[in-house]
Amino acid sequence: MPTITEFINTFWVGSIYFLSAVGLTISYRVTRVLNFAHINLMTIGAYTAVLLSLSSPVHVAFAIPVVFLVGGIFMMAVHFAVYSRLMELKATPLVLMISSMGVWIFVKFFLYGLLGYLQKAWKVEMYLAKPRLIVGGEIKVEGLTLSGDLFTALALATLAAIFLYVFFSRTKTGKALRAVADNPDLAEISGISHSRVMYITWFIAGGLASLSGMMWALFAHATPELGDTLILQLFAASVIGGLYSVPLTTVGAYTIAAAENIVIATLHETIGLEVSYRPFFAFFILLVVILVRPPLGAGGGLPYRFKVLRRLMRR
Amino acid sequence: MITFDVIGFLLSWFTFFSIYAILSMSLNLEVGYAGMANFGKVAFYGIGAYVSAYVSMSIFLSLAGLNYPLYSLEATMAMVKLASQNPMLNVSVFILTLILAFLIAGAIGYVIMYPTLRVGPAFFGITVLSFGELLRIFLRHYEPTGATYGLTGIPHPFAWIEDVFVKNLLFTSVTLIILILLFLYAQRLVNSPLGRTMLAIREDEIAALCMGKDVPKVKGKVLFIGSGMAGIAGCILAYYIGSINPNIFVPTVTFDVWAMMILGGIGNNKGAIVGAGIITLVDRATAAINFVFPGLIIDPNFIRWMIIGLIIILVLLFKPAGLIPQTYTWTPAWKIVKPLEEKAKRRREKLLSPFKKISKWFLMGG
Amino acid sequence: MAPILKVVNVTKYFGGVRALEDVSLDVEKRAMVGLIGPNGSGKTTLFNVITGFYPPDRGEVYFKGRRIDGLNPNEIFKLGLVRTFQNPRLFFNMSVWENMLVIPQDQKGESLLKAPFTRLWLNEEMEIAKKASSLLKDFGLKDFVINKVSDLSGAHIKLLESARGLMGKGEMFLLDEPAAGVAHTDAHKIFSFIRRLRDEYGLTFFIIEHRIEVLMDYVEYVYVLHNGRLLSQGTPEEVMRDPKVIHAYIGE
Ligand SMILES: Nc1ncnc2c1ncn2[C@@H]1O[C@H](COP(=O)(O)OP(=O)(O)O)[C@@H](O)[C@H]1O
Ligand SMILES: [Mg+2]
């Protein structure tokens, strides 16, 4: 049977996935770029926290805004340097996606090189680091330690959710973002600055993902591959949200976290499944979602129904 | 000595060039013609390599009546002896595994991706990328193929030739011939009604569907061929390096192939080959730099990868068509179109006119 | 004579938004029928349901007596029902010539095994090419064969869309605002051309237009949609006089 730890980890990891996946979802929804550079953001966030706390531990309340800013500014810079130019050239979503892949590779190995350099120059272990953040609020209940990291992750996820809800439904800018997402041409006519909407979206998406990276580094540790190891989970969570819906992305993030913690622990005990097969769950969920509830509409897609499915669906 | 090294360099470059050219050509069929962002190319490359290694080693060992597990040291040792005994066997196993790699990789490509053909390119890209990663994770845990250590002792088709140089020359020539054959096939494929339909799907798959094209079916066909070709590349790789393990088939391989295709020109087979040529050459060169200047403060490998990323971004930004841009699909139907013929004739004349002038000049002078 | 297209009680909701409610209509063979209605009244959605883009929530669609709701768009095209889009969707980076040649169904050269061997599909290809070339002549597009579609003018693109439809076995055409964004005089040119096509090729046309006036001289029968419901139907004169229609249009 899964222990209480697995349940705790589900919420912990789920919150981290949520922070990152929600950025992926909103950035795709507004800009129509499937942003592979999103993966870099988590690594960047983690290492920003590591570098901040290199000489002496810093308080998490200080790290959070800094990490958010770094991620947000990084993503705005990428948009400025690459995406905005491609959009001016009327590039298709396919081309934008490919370019984001180029950014991903470039930044990933740039980070590798930079960290390697720092490691040699400063003589500190960089390829496997841990940010030293001061996080209070540890609770001990009946021999069980609930760390402050956990509460920070939960709090950040909750705050992000509330913020996004208020932002999209109450503020003028948020409504502009939604308008652009639903109908780019119409939004242009009604005088909303398209370019500003893009930058704001990237800032939010980048900041959230970067925070998520920091939280992951606290949960596990920071490595240059940090983002890469979580690709599948993030994308799967976003796909469950149809790359469109924030609430469904939330469901996706926690579902995958549950599958990876609770379900795998159960299977490990009952049928001896190796824990390292973890990513298969996310993939399985992804396939099921694509097959059963294909996210057409937002992500493009064909108005086409396979014969077998059609027969099954016909009531 | 030095001349020998140059030839050795050329041979290894040509072999890697052929392997990557096949990969980038297959990716070009999928992306450049049918508009399917295959971010999991490496999976089918890996399947081809593993199928070849597994089948060839099993055949050799079972013919010799040995039943060591393939990944065991005994098997590897035994393979060294067995591989150089029977030329006929070596060559026929090589051909058999080429075919098997093509069919199995193709079939898996067709099966795995069929469910995703209906969703947009974003979802398709994610799914295949994940598939590639999962396959690697799976192989790292799968005992029969040696888990993380992989398989060693894949029988080189020309292991029976003593002279290493002749052996490599022969192998490189064979891979080049395979490349040429596949190139001719791909060229004929894209300059046929099927190529035209693929291009239409890339342009606007919804319009193509409304114009009566069974889009998922066509995409399935393209994926079969594309994955099959990647399987062939994997097969050649397995025989060339003699031992394979899961860490060869990381996602970055896919991005290499993408960079080649984008650099050469999306939607042009020749471009895919030119791109592969350039990048593999740079690659071999960086390997040399690595050798000449050891202990650089930044690993040249990282710089190499940054260059790959930059190539993708810069080409898309400044020369989206690549080095050799896409052209029309040249089916015989063009013959009916008069104005085109005239235009071509005029262009030919224009091209020839300098030569005519020169030849006139020679005639007058002489 | 049985109608070539029959729509029975079609209802379609998007989430909570009603796009179509209980729409029933018939189109006779070789007729030219109009579908009018203010913007957002569900005209395009009706076309999308007929051509298999969306399955209807309720209701049935018959084409040539065969039930077609639930079929895929490509299957419906093969039956001879061709549609055009409000924003033309051609293969813009391909030549006009390729845009024509690509259309015919189930070409031999589309098979994976036959495609590399030109001999196997050469004859068929040449027949297709002849048909395409004569159609392009009829449509006055002969001079543009080697041009990319993206280089064509708007009017030529509209022409090419219809020409392309005829490359298949199109019997009935659903035209979504063929004269959108076109001045009145040019709109008249387009509609008279459509009428000529109808007479020459024996086709049936079902045409969306949101301005009533321009369509009236050309169609025999008109359906009026308003907020997803069929508001009125009849000959153009009857519809023009219908107070409900006048109200809907003035109310807009
Ligand atoms: N794919 C869709 N998703 C949600 N709502 C849609 C969709 N397509 C159309 N609608 C809605 O259906 C209504 C009818 O739209 P449409 O058929 O395009 O009108 P028309 O073509 O008459 O201008 C509109 O309110 C529109 O917002
Ligand atoms: Mg409309």
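Predicted model: local features only at pLDDT ≥ 70, side-chain atom pairs only at ≥ 80, totals over all residues.
View 1. Where the two touch, domain 1 of chain C puts in 12 residues and domain 2 of chain C puts in 13 residues.

**View 2. The area buried between domain 1 and domain 2 of chain C.** The size of an interface is often quoted as the accessible area lost when the parts come together. For this pair of domains in chain C, the buried area is about 1,000 Å². Carbon and sulfur atoms account for 66% of that area.

**View 3. Polar links across the domain contact.** Zoom in on Lys78(C) and Asp106(C), which pair up in a salt bridge, with their closest N and O atoms 3.7 Å apart. The count of salt bridges between domain 1 of chain C and domain 2 of chain C is one. As for polar contacts, the count between these domains is two residue pairs, both at pLDDT 80 or more.

**View 4. The domain 1 side of the contact in chain C.** Two elements each give two or more residues to the side that touches domain 2 of chain C: helix 2 (73–78) and helix 6 (184–201). Helix 6 of chain C gives the most, with four residues. Sorted by class, this side of domain 1 of chain C has seven nonpolar, one polar and four charged residues.

Definitions and conventions: Residues numbered from 1 in each chain as written. Chains lettered and ligands numbered in written order. Heavy atoms only, no water. Contact = heavy atoms within 4.5 Å. Buried area = accessible area lost by both parts, 1.4 Å probe. Salt bridge = Lys/Arg side-chain N within 4 Å of Asp/Glu carboxyl O. Polar contact = N/O pair within 3.5 Å; in protein donor to acceptor, adjacent residues only side chain to side chain. Nonpolar A, V, L, I, M, F, W, Y, C, P; charged D, E, K, R; others polar.
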